[in-house]
Amino acid sequence: MTGSNPTPLLLRAAQGQSVERPPVWMMRQAGRYMKAYRDLREKYPSFRDRSEIPEVAIEVSLQPWKAFKPDGVILFSDIVTPLPGMGVGMDVAEGKGPIIDEPIRSQAQIDALTTLDPDESMPYIRKILGALREEVGNESTVLGFVGAPWTLAAYIVEGKGSKTYSNIKRMAFTEPKMLHSLLSKIADNIAIYVRHQIDCGAQVVQLFDSWAGQLSPQDYKAFALPYQQQIVRQVKQTHPDTPLILLVSGSAGVLELMGESGVDIISVDWSVDMADARRRLGSDMMVQGNVDPGVLFGSKEGIRDRIIDTVKKAGSKGHILNLGHGILPGTPEENGAYFFEVGKQVNDLLAAKV
Ligand code: CP3
């Protein structure tokens, strides 16, 4: 039935069609909780090698596909991957995340940023996405992803991950014009990159504004939302049919504002109950999520009950089953497998529960 349908399940759901069951994938589904990934990491210790050597990145992207057959296969990469193509040198350090060579703190540095030419600075993206499409055919949907401007600016200005975001907030509240010019430049470049990913084969693209939940709602409105909108507007002009998803971590205070971004699907984290998210976002907005990744440390029964609860609250249409954020390192791999297994049988389980 599904196998003969030319359009894969997740893509149909993301286009707003009625589907036979909610599609299921997992943020960070390729990564350290998988033994196959840890083994490959020993052979290729550098994250940039793992994500920029096409054969290796293709293999990592396909590890969860081969193990669990998820309804979505996401490009193995990072949100900071396009930065060198904009003139921002970086590395991804083990256990720490992105490190920026020279943090950007002045207008002169912002003015010196370059326009992204993805085929020139990231030739591997075309190869990886093309290979993923070929490998999964119409059995799964290939997802691309990018970082949204506030979150990328947080790395660029801080120089690394942060708990307090003091440097970018200092810029926001002492030199707002300067920060706006940085955010706008990032938005234009990221719009180019989203279009490129779609041209290379991405069927759905997720925008990660992971650290925008660190902003008060009024500052989210000033520094995050307009630049999410800038990207969505530019992408929809040329690629109106590609569904876009937006994730913010710790989104409870800004959920309605996320709905104003122009995306098709809101990825809801566990700071909001799914029933509450549905009420607040309205029936026209699709949702993704929102099981707490921590639940995967617990019992199988607990995992199953949370999935059923989430699917019930999300309703039968316009929901992509996922965690509320990435699966955590150290999660038992069999519990990851169980999440997919239950996700695919959820209709039967719901029927049995009634
Ligand atoms: O979902 C997937 O399977 C694709 C993989 C993916 C990675 N990074 C690979 C990665 C995705 C979607 C990202 C996006 C990303 N990167 C985000 C947005 C998503 C989110 O979590 O909010 C952010 C904020 C980053 C920045 C970043 N890169 C962090 C915070 C870290 C983790 C630091 C650590 O080691 O715990 C990274 C490194 C990174 N990116 C890893 C992976 C699998 C871990 C490094 C490794 O495996 O060696």
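How many nonpolar, polar and charged residues does the shell around the ligand have? The points below take this up, after the overall fold.

1. This is a predicted model. The chain is built from 17 helices and nine strands. Along the principal axes, the C-alpha atoms fill a box of roughly 65 × 45 × 40 Å.

2. The ligand is found in the largest pocket. Around the ligand there are 26 residues, and those that come nearest are Arg28, Tyr37, Arg50, Ser210 and His325.

3. On the opening question, the shell consists of 14 nonpolar, six polar and six charged residues. Three elements each give the shell at least two residues: the helices α2 (35-43) and α3 (47-52), and the strand β3 (97-100).

4. In the side chain of Asp78, an N or O atom is 2.7 Å from a nitrogen atom of the ligand. A polar backbone atom of Ser77 lies 3.5 Å from a nitrogen atom of the ligand. For Gln29, a backbone N or O atom is 3.2 Å from an oxygen atom of the ligand.

5. As for burial, the ligand taken alone exposes 860 Å², and the protein buries 91% of that area.

Note on methods:
Residues numbered from 1 in each chain as written. Predicted model: local features only at pLDDT ≥ 70, side-chain atom pairs only at ≥ 80, totals over all residues. Heavy atoms only, no water. Near = heavy atom within 4 Å. Polar contact = N/O pair within 3.5 Å; in protein donor to acceptor, adjacent residues only side chain to side chain. Areas by Shrake-Rupley, 256 points an atom, 1.4 Å probe, with all protein chains shown as cover. 1 Å grid on protein atoms, 1.4 Å probe; cavity = no way out; pocket = protein on both sides within 12 Å on 5 of 7 lines; lining within 4 Å. Sits in = over half its atoms within 2 Å of the grid points. Helix = DSSP H or I, 4+ residues; strand = E, 2+ residues; numbered from the N terminus. Nonpolar A, V, L, I, M, F, W, Y, C, P; charged D, E, K, R; others polar.
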